[in-house]
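I opened this entry to keep track of what I looked up, one site at a time. The structure comes first, the notes after it.

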Amino acid sequence: MEIDVLRDRINSIDAQILKLLSERRSVARDVIDLKKSQGMLLRDARREEDLLAQRIDEGRSHGLDAHFVTRVFHEILDDSVRAQELVLQQGLNREEARLLRVAYQGIEGAYSQLAAKRFFASNAGDVSYYGYPTFAEVVDVVEENIADYGLLPVENTTAGNINEVYDLLSRTKLQVVGEVIFQVDHCLLACEEVPISLIRRVLSHPQALAQCTRFLSQLRECRQEFYVDTAMAVRKVKEDGDPTQAAIASEEAGKLYGLKVIQRKLADQPENYTRFIVAARKPIRVDYRIPCKTSIIMATAHQPGALNKALDAFYRQGINLTKLDARPKPGSPFEYLFYIDFEGNLEEDRVQKTLAGLRGSTTFLKILGCYPMESRQKTPPSAQAIAHQRPRSSPRAVGEEEPPAAAVSALRSEEKGGDQAEEARLIDRSTKAESTVLRIRGAEIGGAEFVVIAGPCSVESEEQVRLCARQVKECGGKMLRGGCFKPRTSPRSFQGLGFEGLELLVRAGREYDLPVVTEVLSPADVVAVAELADVLLVGARNMQNYGLLGELAKVNRPVILKRGTTASLDEFLDAAEYIFARGNHQVILCERGIRTFETVTRNTLDLGAIPIIKKRSHLPVIVDPSHAAGQRDLVVPLALAAHAVGPHGMMVEIHPEPEKALSDGPLALRFEDFAEMMDEIYQG
Ligand code: PEP
Ligand code: MN
């Protein structure tokens, strides 16, 4: 068949998809009218979860994988929510359709303009964009009614606050009426496709350069030049036509001015976002159904407890802060203004009460505005929905109910059969009765959800780890594991791909939206591994490597601590305490089998340890049946038995072709075994 014939078919399928999307959006608009008249909330998490479960099921019958269907429907649901919010907001803030004039700092193609275009994309009327050289001018033209809105960047996730804008906000009469969170992908752009080593001058905005310091430090004999915005740097490189010059800016700006992309993703942090605010002369009202934020600036008296008292006003009304920042007060050295964003609508009673409380405890208070939050929660499909069947009532797990603090306080000394009570550990329930729940990207461990972590013993290739990630996601797993630094008993065994492997693991995790778990072997690697991985694993051989534990205590990353094969429960808990007490409170305990006189299995999985740990510690506890079993056919039965005693999760090893695995092939589950195990765990 001719390629043109196939392309024609694809074109006509896409035309149908677009027509249906548009139809769907208009039905969603009708739904909001009904929700409005019946006083219903905008979103219904149950309905969204059911919808996703149904679509995943239907998608499967057409051969589509759950991850793909989930991603498509997250976009579609997001569009519905935004369309419905727009209807609500238009009803509340009536404005006749007219040409909107939007001011931003920079010239055409600047990030501010790209963000502005996104914010006003759904505007029915025409929008014109005007660039100004400085932030102050943007504020001025909106104040003077030369423009209707101004776009101003306030913070970047890599480089921090844009202080000049905060200072302008503290002075202007303008109100914040919206926010845009814009993912900034800095590219190196030049006139021709020259090798990076030939670049001698890099032009950009100082903020953009500050976000790419690691990349820039690799360029030898290369000068940096500041421009007032990234697009201007692009224009200058184009005008000069000098192939040894390059600009750091967006790909769009490069296209606009005719430059070539030499390299993408230059920012130090792969997830680099800038948050912009939209300023206008008049405040807006936000419908009570729309999640919104309020921004304020305040100052407190220079006396003990003043800030504490002000913050207490939020706590009393149960209001969540999304930002708290201190900035030097212009003109008053070593006095500070506090910038606060919180979740809440100015029209809510609790917000009014909070503000009343603040008036009594601050020396200055300015309300910058109340506006819809940009990021909408994505309802995740339940693991049950993905594992295809309905949840069974979970087996009655031993030690499930949380004992009251008083009841456990005597526990340890009681178990030791004496009254020579030792000092309680910080990880003990007698110190903190409620269970610790850790949030790791989208996943939660330590709460009611049973979290499955799976992946290969070792990362071996891009293809192998990608296939594993896909299978983990497809079966309802919540995290991806993969060893890159392997502690092998024999020096001749495969030692892992190191940081190269870690990059492959992270890439696969990002593609399938799974946090990644990897073992760190050396204290010297902890910081570097923590920059890439979401969770750090301490292998059984290292449970009492206090040099390693000490380094892990210093990083802000959850640690899975495996029980040493010869460690008693108390020694295990002491090792966790070591990390916890030195500053890292995100520790997950993992039972993976201990050494007994029995040699038929690789190790003896100590299932009794799970309920005991749950009783004695508030930390999450998981099970690794793979390493205890040592042989594939035992892994699933042990996993199911382990699930029955009530851990917060499980970690298992899988491999697309276990016969070819470079490590632990004999115990790796085949994909179909893993799928079946997941069905068993989550099914009715
Ligand atoms: C692992 O999980 O990759 C591992 C090496 O396991 P253990 O430390 O439990 O032997
Ligand atoms: Mn292994």
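I started with Leu-100: leaving aside neighbours within four places in sequence, it is in contact (heavy atoms within 4.5 Å) with Phe-120, Asn-123, Asp-126, Val-127, Ser-128, Asp-148 and Tyr-149. For the record, this is a predicted model, in which local features need pLDDT of at least 70 and side-chain atom pairs count only at pLDDT 80 or more, while totals for chains, interfaces and linings use all residues. Residues are numbered from 1 along each chain as its sequence is written, chains are lettered from A and ligands numbered from 1 in the order in which they are written, and side-chain values use heavy atoms, with hydrogens and water left out.

I placed Leu-100 in strand S1 (residues 100–105). Helices (H or I, at least four residues) and strands (E, at least two) are DSSP runs, numbered from the N terminus. Leu-100 has a relative accessible area of 7%, so it is buried; buried means under 20% relative accessible area, exposed over 50%, and partly exposed in between (1.4 Å probe, protein chains only).

Ser-128 sits in strand S2 (residues 127–132). Its relative accessibility is 19%, and therefore Ser-128 counts as buried. Not counting residues up to four places away in sequence, Ser-128 touches Leu-99, Leu-100, Arg-101 and Val-102.

**Glu-474**

I found Glu-474 in helix H16 (residues 462–474). Glu-474 counts as buried because its relative accessibility is 12%. A polar atom of the Glu-474 side chain lies 2.8 Å from the backbone nitrogen of Ala-66. I counted as polar contacts pairs of N or O atoms within 3.5 Å; within protein, one must be able to donate a hydrogen and the other to accept it, and residues adjacent in sequence count only if both atoms are side-chain atoms. With residues up to four places away in sequence not counted, Glu-474 touches Arg-60, Asp-65, Ala-66, His-67 and Ile-386.

**Ligand 1**

Which residues surround ligand 1? I listed Arg-481, Lys-486, Glu-519, Leu-537, Gly-539, Ala-540, Arg-541, Lys-562, Arg-592, His-627 and Glu-653, where near means a heavy atom within 4 Å. This shell divides into two nonpolar, two polar and seven charged residues. Oxygen atoms of ligand 1 lie 3.1 Å from a polar side-chain atom of Arg-541, 2.7 Å from a side-chain N or O atom of Lys-562 and 2.5 Å from one of Arg-592. The protein covers 97% of the 300 Å² of accessible area that ligand 1 has on its own (Shrake-Rupley method, 1.4 Å probe).

His-627 is in helix H22 (residues 625–629) and Glu-653 in strand S25 (residues 649–653), so the pair ties together parts 26 residues apart in sequence. Both His-627 and Glu-653 are buried.

Notes: Nonpolar A, V, L, I, M, F, W, Y, C, P; charged D, E, K, R; others polar.
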